[in-house]
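Here's a quick tour for anyone meeting this structure for the first time. Take a look around, then read on.

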Amino acid sequence: MADNINLKELITDNSYNEILRVEADKIRRKYYGNKVFVRGLIEISNICKNDCYYCGIRKSNKNVSRYRLTESEIYSCCENGYNLGMRTFVLQGGEDLYFSDIILCRIVNNIKNKYPDCAVTLSMGERSYQSYKNLKSAGADRYLLRHETADICHYRKLHPMDMSLENRKRCLYNLKSLGYQTGAGFMVGSPYQTVDNIVSDFQFLRELDPEMIGIGVFIPHHYTPFRNYPHGDIELNLKLLSIARIMFPEALIPATTALGTVSPDGRERGIKAGCNVVMPNLSPLKFRKSYELYDNKICTGEESAQCIECLKKRVESVGYVLDMGRGDYIGKE
């Protein structure tokens, strides 16, 4: 897998699938044992200034019931998660201009002051270098910003002209330079994607060397321009997760909700393919269906405690155990 020809062959030749899965599992067990880390996901807003063609909460979708959690609601979600044993909170949302540095820094700082033994991860899109620096100073530990595609031509087919791949990459390099545990990643099976695009994605990941890698299957949303496109291939998604584990042995790689949406045992298969993170939802039940990035998203109706118990059983059924601790990247001390 040292060069692009070999990588392309691995991606296209299905005879490698099981070999890659076994090797990926061996590597993740070497570095992380049988632990699967839990992140408490809090979807703080479905308001977004962007109009990405694949996303259900794009600004042009007038059929979304928009919401924004209050600070007290966010703190309540954290309290719920903490009482369940979680020690990482992920604040995720659309690029909602309401969340200025002043507001978001206050939220992060308050969470860290109340729960000093917890990690705070943000997933709030593209912001300035100074903004990322301010949030880091406020206590943010990690930042998730999937690049979605590293190929400029493919990027243009997925995004409007007021967005740029150059800025997306700049944001990721800024996050790395500021000392965040940084997460990048891409969709599998998005419209117009080619194998060469996927090779480019792995090339970019090699250059960036992120601590977290999210690779999720594309699923269409009925109120987007891509409504009639099929969802991505889960078998390819699982293979790419294994390749990511082999290429980045210490990475934190989630078994995404999208995997579980496409296939009932998708997340379990993701764990077996090399994933070591799951992200149960702590958001208030009344808002979960409104944070619909794609159709038929699972885990919109369970209480957090129920969801954790369900995940625990699912993870144990394939030979792993949930770890509720911070679950930091092992290369970061």
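Of the 333 residues in the chain, 58% are buried, where buried means under 20% relative accessible area, exposed over 50% and partly exposed in between, with a 1.4 Å probe and protein chains only. Bear in mind that this is a predicted model, in which local features need pLDDT of at least 70 and side-chain atom pairs count only at pLDDT 80 or more, while totals for chains, interfaces and linings use all residues. Residues are numbered from 1 along each chain as its sequence is written, and side-chain values use heavy atoms, leaving out hydrogens and water.

## Overall build

The chain's secondary structure comes to 13 helices and 9 strands; these are DSSP runs numbered from the N terminus, with helices being H or I of at least four residues and strands being E of at least two. Its radius of gyration is 18 Å, close to the 20 Å that the globule rule gives for 333 residues, so the chain is as compact as a globular protein of that length. That radius is taken over C-alpha atoms, and the rule is 2.2 Å times the number of residues to the power 0.38. The C-alpha trace spans about 50 × 45 × 40 Å along its principal axes.

## The cores

A nonpolar core here is a set of buried Ala, Val, Leu, Ile, Met, Phe, Trp, Tyr and Cys residues joined through side-chain atoms within 4.5 Å. The largest one has 88 residues, and F89, F202 and L240 have the most contacts inside it. Helix 9 (residues 234–247) gives the most to this core, with 8 residues. A second, separate core has 9 residues, including L144, L252, V277 and Y329.

Contact means heavy atoms within 4.5 Å. Not counting residues up to four places away in sequence, F89 touches a list of residues that includes I42, Y82, Y115 and L282.

## Two buried loop residues

N281 sits in the loop between strand 8 (277–278) and helix 12 (285–288). With 6% relative accessibility, N281 counts as buried. N281 and I42 are 239 residues apart in sequence, yet 6.4 Å apart in space, C-alpha to C-alpha. Beyond residues up to four places away in sequence, N281 touches L41, E43, R288, C299, S304 and C307.

R58 lies in the loop between strand 2 (40–45) and helix 3 (71–83). Is R58 buried or exposed? At 9% relative accessibility, R58 counts as buried. Leaving aside neighbours within four places in sequence, its contacts include D51, R66 and Y223.
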